[in-house]
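Walk through this model with the sequence at hand.

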Amino acid sequence: MAYTRRSHYKEILIDAVKDIAREDEKVVFLDADLSSCIGSTAFEKEFPDRFFNCGIAEANMVGVAAGLSSTGMVPFVHSFGCFASRRVYDQLFLSVGYAKQRVIVIGSDPGITAQYNGGTHMPFEDIALMRQIPDMAVVEPSDDYSLYMLTKAVYESGKAAYIRTPRKGIVYRYEEGTDIELGKAKVLREGSDVAIIALGVHMVNESLKAADMLKEKGINAEVIDLLSIKPMDEETVIAAAKKCGKVLVCENGRYAGGIGEAIAALLVRNCPVPMDFVSVGERFGEVGNLAYLAKAFGFTAENIAAKAEALIAR
């Protein structure tokens, strides 16, 4: 398989699935009438007999995927994150999870990256839902290369999986050849005063900017790109808590059931430290561009830096 830089995450994603499908004739792709949105038409063009547009019937799509898996096929399925999690949850939990079928779900445009599709299409709770399905891998890449490599990694794991990713835009964070593994985080910046653990493209970007702001005030922040939600890199998280003594978790999702709550539960058992969280509380999404939504929900470098300072002062 060969990674090639692209202009959008959706292109990288489909490249990865096509590369996997070239080596495994059992790989199929199912979409819910969003082929033009995610670019799966490119998969259909190369593998016309292995592509299925199930229409605007996402629950049925997951049921079909589970059936295909039961015959030995390896289905990738896509819809917007709101539909790929909330709308199909019973089918995912029972037809995939309980029945021990191998289906790889792609939930695109999570959290505020849904932008103008608005609150109805803005999944903040998809992480919490997917974490509840036993033995299901859950990942959220933070750039083009980690998206490519984690798509490959969840396929190679043999597990059912959920890939949480934006569709548009691109960040080139990791050099080709960087070791990206399922269940492993990456320490992007060493620090000693506070550990900022971030998840996803937007939050990792803003956390790195926040670390620069904090450095100007003499605060040395460690920044960790979590990458893998389940399994989680517990060793790296615990080591950061022991080293820095303060932990700030930043996620483009809801606190309840999210990674902040998961990390808090991990640390209270292994290394209790003062913590704070940048996440969504008792709110629904709303319409707007990314800059507006980031400010509205506090998902900015300025807010992350302010929370880190307040945490250190506690």
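**Salt bridges, pockets and backbone**

Glu 309 is partly exposed, because its relative accessible area is 29%. The model is a predicted one. Glu 309 forms a salt bridge with Lys 217, and the closest N and O atoms are 2.9 Å apart. Lys 217 lies in the loop between H9 and strand E9 (221–225), and Glu 309 lies in helix H13 (residues 301–313), so the pair ties together parts that are 92 residues apart in sequence. Lys 217 has a relative accessible area of 56%, so Lys 217 is exposed.

Stay on helix H13 for another pair. The side chains of Lys 307 and Asp 276 meet in a salt bridge, at 3.8 Å from N to O. Lys 307 lies in helix H13 and Asp 276 in strand E12 (residues 275–280), so this pair ties together parts that are 31 residues apart in sequence. Lys 307 is partly exposed, because its relative accessible area is 25%.

Side chains of opposite charge can pair when their charged atoms come close. How many salt bridges does a search of the whole structure find? The search finds 17. In one of them, the side chains of Glu 125 and Arg 254 meet at 3.2 Å, N to O. This pair links distant parts of the chain, 129 residues apart. Glu 125 sits in the loop between strand E4 (104–108) and helix H7 (126–131), while Arg 254 is in strand E11. Are these two residues buried or exposed? Both Glu 125 and Arg 254 are buried. Elsewhere, Asp 19, Arg 22 and Glu 46 are linked in a network of salt bridges.

Strand E11 (residues 247–254) also holds Cys 250. The relative accessibility of Cys 250 is 0%; buried means under 20%, so Cys 250 counts as buried. Cys 250 and Leu 293 are 43 residues apart along the chain, and their C-alpha atoms are separated by 15 Å.

Now turn to empty space. Rolling a probe the size of a water molecule over the atoms shows where such space is left. The largest pocket has a volume of about 320 Å³. The lining of this pocket consists of 17 residues. Thr 113, Gln 115, Pro 166, Lys 168 and Leu 290 lie nearest the centre. Which helix gives the most to the lining of the largest pocket? Helix H9 (residues 201–216) does, with three residues. By class, the lining has eight nonpolar, six polar and three charged residues.

A search of the whole structure also finds one cavity of 30 Å³ or more. The largest cavity has a volume of about 50 Å³. Its lining includes Thr 113 and Pro 166, two residues that are also among those nearest the centre of the largest pocket. Pro 110, Glu 140, Leu 199, Gly 200 and Asn 252 line the cavity too, as do Val 201, His 202 and Met 203. H9 gives the most to this lining, with three residues. The cavity lining divides into five nonpolar, four polar and one charged.

The second largest pocket has a volume of about 240 Å³. Its lining is made of 14 residues, and Val 96, Gly 97, Lys 100, Pro 134 and Asp 135 lie nearest its centre. Seven of the lining residues are nonpolar, three are polar and four are charged.

Helix H6 (residues 89–98) contains Tyr 98. Tyr 98 has 69% relative accessibility, so Tyr 98 counts as exposed. Together with Phe 93 and Leu 94, Tyr 98 makes a nonpolar surface patch of about 340 Å².

Last, the backbone. Most residues other than glycine have a negative phi, and most peptide bonds are trans. Lys 100 has a positive phi, near 55 degrees. Lys 100 lies in the loop between H6 and E4, and Lys 100 is exposed, because its relative accessible area is 73%. Asp 109 also has a positive phi, of about 55 degrees, although Asp 109 is not a glycine. The place of Asp 109 is the loop between E4 and H7. Asp 109 counts as buried, because its relative accessibility is 7%. Which peptide bond is cis, with omega near 0 degrees? The bond from Lys 230 to Pro 231 is. Pro 231 is in the loop between strand E10 (228–230) and helix H10 (234–244).

Definitions and conventions:
Residues numbered from 1 in each chain as written. Predicted model: local features only at pLDDT ≥ 70, side-chain atom pairs only at ≥ 80, totals over all residues. Heavy atoms only, no water. 1 Å grid on protein atoms, 1.4 Å probe; cavity = no way out; pocket = protein on both sides within 12 Å on 5 of 7 lines; lining within 4 Å. Points joined across faces, edges and corners; volume = space filled by probe spheres on them. Helix = DSSP H or I, 4+ residues; strand = E, 2+ residues; numbered from the N terminus. Nonpolar A, V, L, I, M, F, W, Y, C, P; charged D, E, K, R; others polar. Patch = residues over 30% accessible without salt bridge, like charges linked within 9 Å, V, L, I, M, F, W, Y side chains within 5 Å. Areas by Shrake-Rupley, 256 points an atom, 1.4 Å probe, with all protein chains shown as cover. Salt bridge = Lys/Arg side-chain N within 4 Å of Asp/Glu carboxyl O. Buried < 20%, exposed > 50% of the residue type's maximum accessible area, 1.4 Å probe, protein only.
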